[in-house]
Amino acid sequence: MGNCLLLFLWCLLDKSFVSPLHSSSQSRMGKEQHRNMMAHRKHGMMGVHRVKRGWVWNQFFVLEEYMGSDPQYVGKLHSDLDKGDSMVKYTLSGEGVGSIFTIEPSTGDIHALRSLDREEKPYYTLRAQAVDVLTDRPLEPESEFIIKVQDINDNEPRFLEGPYSASVPEMSPVGTYVTQITATDADDPTYGNSARIVYSILHGQPYFSVDPKTGIIRVALPNMDREVKEMYQVVIQAKDMGGQLGGLAGTTTINITLRDVNDNPARFSKSIFHLRVPESSPVGSSVGRVKAHDLDSGKNAEVEYSIVPGDGGSMFDIYSNKNTQEGTKIFTFIHLYIHMLIFYIIYKYI
Ligand SMILES: *[C@@H]1O[C@H](CO)[C@@H](O)[C@H](O)[C@H]1NC(C)=O
Ligand SMILES: [Ca+2]
Ligand SMILES: [Ca+2]
Ligand SMILES: [Ca+2]
């Protein structure tokens, strides 16, 4: 006769049997559902008093966020010194005893008194003891065991660092990396699909795409032109349960700005400027202004003016005004007696 305290595991969990719970989109488990589950459990475990199975040895499970009005059944302690003659009394000590877990001294049945949150505390360590009812003396050494809080999918994926902003050069080819975003899910990543996230794009097609697994955002449309539209607000969704129906979802926004590339030449608003100057004007006096416009931005839009050598060109000089981006022509040499007609060509910095 082995001198040990056996933990009868009525609630051995078979993954395939528990997983339907995870498809519930509601974060709270209904009482009805729970009853069904308990019925399944007992039915499924009938006569299977597994003892010392390596993978569950000294573990009990209790479902988190249980909403039933009765205490939740956790499992049963049993000593093989217990002959069913009510001579053995079971006691519990350790985490949550009295406040969360109770034991029926004569039967060894353990119940949870209130609902538990796995994301707050995933397991409790307790010790069990079987004592002689008459002498109060321990019948065998104390045995330590764990009550594990079984995960349900009650947390949606969250983007903790959002909202985000990113940029990519305009005219980038399809597939160009823009940025990567990551959502986190507080549920148990080691069990079921409660924390298995799939990314999708809710807003921002056909311009951008997101990789369902990695959350990497890429350019999805060629020839996106900053001069047409500079900023895109992209909305990304992260959904758990592997993206299936009934999963919980969270969203975030990414502002994606197209960075300028120098893809526009400077242009005059007209091809001919008529400027008049009195014949008596002294050398160095202003003749007038011309202005060209560049659709790019920053340095790419800075215009520098120069006079193309040619007919009358040597009579004039031109200054580029950095602030107004205008060119001012002034006399350089002698008086002129005609009205000049001049063409300009623009050279850009880059
Ligand atoms: C994104 O753009 C919107 C609208 O322009 C702005 O209100 C918001 O602050 C921006 N968000 C970020 C993260 O840059
Ligand atoms: Ca959970
Ligand atoms: Ca989840
Ligand atoms: Ca440009």
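**Strand pairing and nonpolar cores in a predicted model**

User: Which residue stands opposite Gln-180 in β13?
Analyst: In this predicted model, the strands β10 and β13, the latter covering residues 216-219, pair in the antiparallel sense over 3 bridges. Within β13, the residue that stands opposite Gln-180 is Ile-216.

User: Why is one side of β10 and of β12 left without a neighbour in the sheet?
Analyst: The open sheet is formed by 3 strands with antiparallel pairing, in the order β10-β13-β12. Because β10 (177-180) and β12 (208-210) stand at the edges, each has a single partner strand. Neighbouring strands of this sheet are turned against each other by 25° on average, direction ignored. What leaves one side of each without a neighbour is thus their place at the edges.

User: Which elements give two or more residues to the largest nonpolar core?
Analyst: This core has 23 residues, and those with the most contacts inside it are Phe-60, Val-62, Val-74, Phe-101 and Ile-147. The elements that contribute two or more residues are β2 (59-63), β3 (72-79), β4 (88-94), β5 (101-103), β6 (109-112), β7 (123-132) and β8 (143-150).

User: What share of the contacts with a separation of 6 or more joins residues 24 or more positions apart?
Analyst: The protein chain contains 2 helices and 23 strands, and 27% of its 350 residues count as buried. Among its contacts with a separation of 6 or more, the share from residues 24 or more positions apart is 73%.

How values were computed: Residues numbered from 1 in each chain as written. Chains lettered and ligands numbered in written order. Predicted model: local features only at pLDDT ≥ 70, side-chain atom pairs only at ≥ 80, totals over all residues. Helix = DSSP H or I, 4+ residues; strand = E, 2+ residues; numbered from the N terminus. Buried ≥ 20, exposed ≤ 12 C-beta atoms within 10 Å, placed from the backbone. Contact = placed C-beta atoms within 7 Å. Pairing = 2+ DSSP bridges. Axes fitted to C-alpha atoms, helices over the stretch in contact; angles between N-to-C directions. Core = buried A, V, L, I, M, F, W, Y, C linked by C-beta atoms within 7 Å.
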